[in-house]
Amino acid sequence: MADSSAFDPQRLLSHKFPEPDFNYTERDAALYALDIGACGRDATDSDELKYAYHEKGQQFIQVLPTFAALISLGSLPNGSDVPVPGLEFDPRLLLHGQQYIEINKPLPSKASLRNEVSLAGLHDKGKAAILELETRSYEKESGELLCMNRMTACLRGAGGFSNPPCPYSYSNYSANQSSVVRISKSQPFAVFEDCTQPAQALLYRLSGDYNSLHADPMVAKVAGFSRPILHGLCTLGYAVRTIIKSICKGDPTMVKGIFGRFLLHVYPGETLVTEMWLEGHISD
C-alpha cells in the first residue's frame with residue numbers, strides 16, 4: 001500500500017499529462033475490426049465486410065465506434081513511463097476498470113488527431129487508487145472535436161494515501177456523464193453468442209494495446225490470473241459490434257455514446273454472450 005506521506009494529490013491535479021498526437025489509416029481501422037471479431041464467423045458477412053473492405057464500390061471503409069478507444073492509449077499508465085507523479089504502484093497490477101466514450105461525429109477512415117489529456121478523477125479506495133483520465137481528440141485540419149474518452153484504471157496497491165475516515169475523492173465531470181449499469185430483470189430483446197479465438201489477445205495487441213498482462217504468462221500470474229486475459233476493450237468492441245448488427249441495422253453511425261464496466265476477466269478462446277435491452281424508441 002502507498003505511503004500516505006509520500007503522495008500529494010494536489011501535485012497530480014496540477015500535473016500536465018502527455019498529449020501524444022494520434023494518426024491512423026484505413027489499414028489500422030480494418031485491422032481493429034478484425035481484432036474484435038468482425039467477419040470472424042463469415043468472411044462475406046454483408047453487415048461487417050464494410051469494416052475491412054470497400055464493399056459494393058464504397059470509397060472508404062466504415063469505422064467501428066469503439067475504435068475511438070484506441071485514441072486514448074497514449075495517456076494510459078504504462079511500464080516505466082507512468083504519468084502519475086508521486087504515486088507508487090506495480091504497473092503489472094493495473095486493471096482497466098471502465099471506459100466512457102462520446103462520439104461527436106462519425107469516425108473517418110483515416111485521420112490526424114490532436115489529443116488533450118486531463119485528470120478526470122482520483123479516488124482513494126484503501127487497497128487501491130482509482131485514476132480517471134480524459135482524452136479529447138480533435139481533427140488537426142478542421143479543429144473539430146471528434147471524440148472523447150474517459151478511461152478508469154484501478155491501481156492495486158496504490159491506495160491508503162489519505163485519511164481513512166475521510167478518503168480522498170476528486171472528480172471534474174458532471175454527474176450525467178457517470179453512468180450506472182443496471183441489468184434489467186426483464187427478458188432481453190436479443191441475445192448473441194460469439195466465440196473468441198485462443199490467440200484473440202495477441203491479435204488485439206496489434207491495434208496498439210501492448211499491456212503484457214494480455215500476452216505474458218508470468219505477468220498474468222503475478223496479477224492473479226492463471227494465464228493471460230483478454231483486453232476489456234476487446235470485449236467491449238465485441239459487444240458494441242453485436243449491438244450495431246442486431247439493433248442498429250448495421251449502421252455504426254447510430255452509436256453516439258458508449259459506457260463499459262469491466263467486472264470479470266475473460267480468457268481468450270471463451271464465448272462472449274451479449275444480452276441486449278431496448279429503452280425508448282429507435283427510429284427507422
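These notebook entries record what I looked up in the structure above.

**Entry 1. The model**

I noted that this is a predicted model, in which local features need pLDDT of at least 70, side-chain atom pairs count only at pLDDT 80 or more, and totals for chains, interfaces and linings use all residues. Residues are numbered from 1 along each chain as its sequence is written, and side-chain values use heavy atoms, with hydrogens and water left out.

**Entry 2. Helix α5**

I looked up α5, which covers residues 232–246. Helices (H or I, at least four residues) and strands (E, at least two) are DSSP runs, numbered from the N terminus. Helix α5 has 15 residues and reaches 21 Å from its first C-alpha to its last. That is close to the expected 21 Å, the expected span being 1.5 Å times one less than the number of residues.

I then asked how many of the 15 residues of α5 are buried. Buried means under 20% relative accessible area, exposed over 50%, and partly exposed in between (1.4 Å probe, protein chains only). The helix is mostly covered, with 11 of its 15 residues buried. Among them are Leu233, Leu236, Tyr238, Val240, Arg241 and Ile244. The buried residues of α5 pack against several elements, including α2 (26–35), β2 (94–103), β7 (190–195) and α3 (200–205).

**Entry 3. Salt bridges**

I found 13 salt bridges in the structure. A salt bridge is a side-chain nitrogen of Lys or Arg within 4 Å of a carboxyl oxygen of Asp or Glu.

Lysine 140 pairs with aspartate 21, their closest N and O atoms being 2.9 Å apart. Lysine 140 lies in the loop between β4 (128–139) and β5 (145–156) and aspartate 21 in the loop between α1 (9–13) and β1 (22–24), so this pair ties together parts that are 119 residues apart in sequence. Lysine 140 is partly exposed, at 42% relative accessible area, and aspartate 21 is partly exposed, also at 42%.

Aspartate 194 forms a salt bridge with arginine 41, at 3.6 Å between the closest N and O atoms. Aspartate 194 is in strand β7 and arginine 41 in the loop between α2 and β2, 153 residues apart.

Glutamate 116 and arginine 114 meet in a salt bridge of 2.8 Å, N to O. Salt bridges that share partners also join Arg41, Glu48, Asp194 and Arg241 into one network. Arg241 is one of the buried residues of α5.

Key: Contact = heavy atoms within 4.5 Å.
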